[in-house]
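Here is a short briefing on a protein chain and its ligand.

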Amino acid sequence: MTGTSTGTSELEALQSELLAEIATAQDLAQLEAVRVKVTGKKGPIAQQMSKLATLPAEERKAFGAANNAVKAVVTQSLEARRADLEEAALEARLAHERADVTLPVRPGPEALGRIHPVSQVFDECVEIFADLGFDVAEGPDIETDEMNFGKLNIPAEHPARQEHDTFYFPPKPDGSRLLLRTHTSPVQIRTMQNRRPPIRIIAPGRVYRCDSDQTHTPMFHQIEGLVIDETTHMGHLKWVLEEFCKAFFEVSDVKMRFRASHFPFTEPSMEVDIGAEAIGKPGQWLEILGCGMVHPNVLINCGLDPEKYQGFAFGMGLDRLTMLKYGVPDLRAFFSADLRWLRHYGFSVLDTPTLGGGLSG
Ligand code: DAH
């Protein structure tokens, strides 16, 4: 009996010793160290258990049970201490990491980045024309000869082809050639082929011409417009362009001059100048776009009956519009990827152009 009672009191002492040790653990790392030491294979509990074999058979059961009880109490205590420490760690983190939601937003990468002026003008145009009921249409940069010229009433050998300084791809075995589109006008064709009037679209995008000097770059941007309906006339064309110019240059009035011109895909054709007072330079006229009533041949080429349908089209250079509106002197700077230039002329990513909130912020 003596052995058992000695064993029991030894176990009791061990239990209180271990519980005291658990209680001293000040954080989760310390507690883990205690757990490994106490419950490990060579730890005190395991050592006690190993005495079992040396005891007389009648004492083993009671001793084993007592030892298991100690183990259970110690394990429970470890878990309780872990829960307490975890909660304390969370409390400490919450107290430490408190966020003051009343602070102003810190400038992050979004606020540092800049929108390229051409992209800005692109978005401004889309906003203005969307308000007038136009959709945005798109076409590929690589076009067929037929789309870029043929269907637009510019047959082979037409002098207008020379003016376009086209980048051609090598001819295919059947003799046809792909090219980089020289204007956004082929999107007119694609649109008329794919949907029925009434049509009201703009098509902004990249265009390419083999030309490079101070005022020409081999890639530049245009925005095309097309309206087709049964009663569309030149009055509509002039009104749309006037509304566009007022909204774009953010002025209440703009002087416009329509000069007779020639494009194979319109008849009559006009070039449009605006009075430069709109951009703070009174006394000058600035050419900004070409336009006209869609040529009947173009309608026929797209399967539309010119007796029933008519409409207008226009095309303008986005880069030129950007230079005029934002006073950029050199076209080549648009494509020089100079960060200092972009920081100066660029626009905040967070200021989306809207008619209500102001186009240019
Ligand atoms: N495609 C012409 C060019 O690149 C611009 C143009 C003129 C487009 C008159 C039109 C238009 O839609 O009606 O020079």
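The shell around the ligand is made up of five nonpolar, eight polar and two charged residues. The model is predicted. The ligand sits in the largest pocket.

**Shell around the ligand**
- In total, 15 residues surround the ligand.
- The closest are H183, S185, R209, Q222 and E224.
- Three strands each supply at least two residues of this shell: strand 6 (219-229), strand 9 (285-294) and strand 10 (310-317).

**Polar contacts and cover**
- R209, one of the closest residues, places a polar side-chain atom 2.9 Å from an oxygen atom of the ligand.
- Q222 is also among the closest residues, and a polar side-chain atom of Q222 lies 2.9 Å from a ligand oxygen atom.
- For Q188, the distance from a polar side-chain atom to an oxygen atom of the ligand is 3.0 Å.
- On its own, the ligand has 350 Å² of accessible area, and the protein covers 90% of this area.
- The size of an interface is often given as the accessible area lost when the parts come together.

How values were computed: Residues numbered from 1 in each chain as written. Predicted model: local features only at pLDDT ≥ 70, side-chain atom pairs only at ≥ 80, totals over all residues. Heavy atoms only, no water. Near = heavy atom within 4 Å. Polar contact = N/O pair within 3.5 Å; in protein donor to acceptor, adjacent residues only side chain to side chain. Areas by Shrake-Rupley, 256 points an atom, 1.4 Å probe, with all protein chains shown as cover. 1 Å grid on protein atoms, 1.4 Å probe; cavity = no way out; pocket = protein on both sides within 12 Å on 5 of 7 lines; lining within 4 Å. Sits in = over half its atoms within 2 Å of the grid points. Helix = DSSP H or I, 4+ residues; strand = E, 2+ residues; numbered from the N terminus. Nonpolar A, V, L, I, M, F, W, Y, C, P; charged D, E, K, R; others polar.
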